[in-house]
Amino acid sequence: DKSEPAVVVKQVSAQGRTVKLAIVARGIAKLQGVAFRLQLTKELKLLSSEGGGDFAAPQGVISLKRVDNELWGGVGRRGRLNGIDAKSVERTIATVELEVEGNGPIPLSFRPYHNLVLDSETGQRVDAKWFGGTLQPTSK
């Protein structure tokens, strides 16, 4: 159900061994920020990352770092701003570019119990579902 609060991984593009992903929020009325751990296989190398849309600089703050076989991410908005409406339309929180060593498909999943979405109005955690996905690089 796309109206339920959720964070989703979507493959945006693939060119050879380079794959671009979007981390997308939906079903969240007052989105302030997101923290997550995305499990990665050893075949994936982090090339770049940036905040998406309303989470881009200068109002957005993003931190993404590979730690062992996980991508640790934190994305939020500076100051006392109104939350982002991710209820009526999906919002890209961040984009991530990865290099794939090997062939796909490669599964992605969020690590259970290490993810959270914050509501800007209450400052409380939003009960959201977390959906990984599958990377599919193109042939060389």
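How many bridges pair strand E5 with E6, and in which sense? Select residues 60–67, strand E5, together with E6: the two pair over eight bridges in the antiparallel sense. Strands, like helices, are DSSP runs numbered from the N terminus (a strand, E, has at least two residues; a helix, H or I, at least four). Two strands pair if DSSP finds at least two bridges between them.

Before moving on, note that this is a predicted model, where local features need pLDDT of at least 70, side-chain atom pairs count only at pLDDT 80 or more, and totals for chains, interfaces and linings use all residues. Residues are numbered from 1 along each chain as its sequence is written, and side-chain values use heavy atoms, with hydrogens and water left out.

**Stop 1: around E6**

Stay with E5 and E6. They form a hairpin with two residues between them. Click aspartate 68 in the turn: its phi is positive, about 55°. Now pick arginine 66; its bridge partner in E6 is leucine 71.

Next, select strand E3, residues 28–39. E3 also pairs with E6 in the antiparallel sense, over seven bridges. Find glycine 33, which stands opposite glycine 76 in E6.

Is E6 mostly covered or mostly uncovered? E6 is mostly covered, with six of its eight residues buried. Buried means under 20% relative accessible area, exposed over 50%, and partly exposed in between (1.4 Å probe, protein chains only).

**Stop 2: glutamate 70**

Select glutamate 70, in strand E6 (residues 70–77). Glutamate 70 counts as buried because its relative accessibility is 11%. Show the side chain of arginine 111 too. A polar contact of 3.3 Å joins the two side chains. Such a contact is a pair of N or O atoms within 3.5 Å; within protein, one must be able to donate a hydrogen and the other to accept it, and residues adjacent in sequence count only if both atoms are side-chain atoms. Leaving out residues up to four places away in sequence, glutamate 70 touches Arg37, Leu38, Gln39, Leu40, Lys65 and Arg111. Contact here means heavy atoms within 4.5 Å.

**Stop 3: the five-stranded sheet**

Colour the strands E4-E8-E2-E1-E12, in that order. These five form an open sheet with mixed pairing. Strands E4 (44–51) and E12 (129–131) stand at the edges; each has a single partner strand, so one side of each lacks a neighbour in the sheet.

Zoom in on E1 (residues 6–15) and E2 (residues 18–26). They run antiparallel, joined by nine bridges. Valine 8 stands opposite valine 24 in E2.
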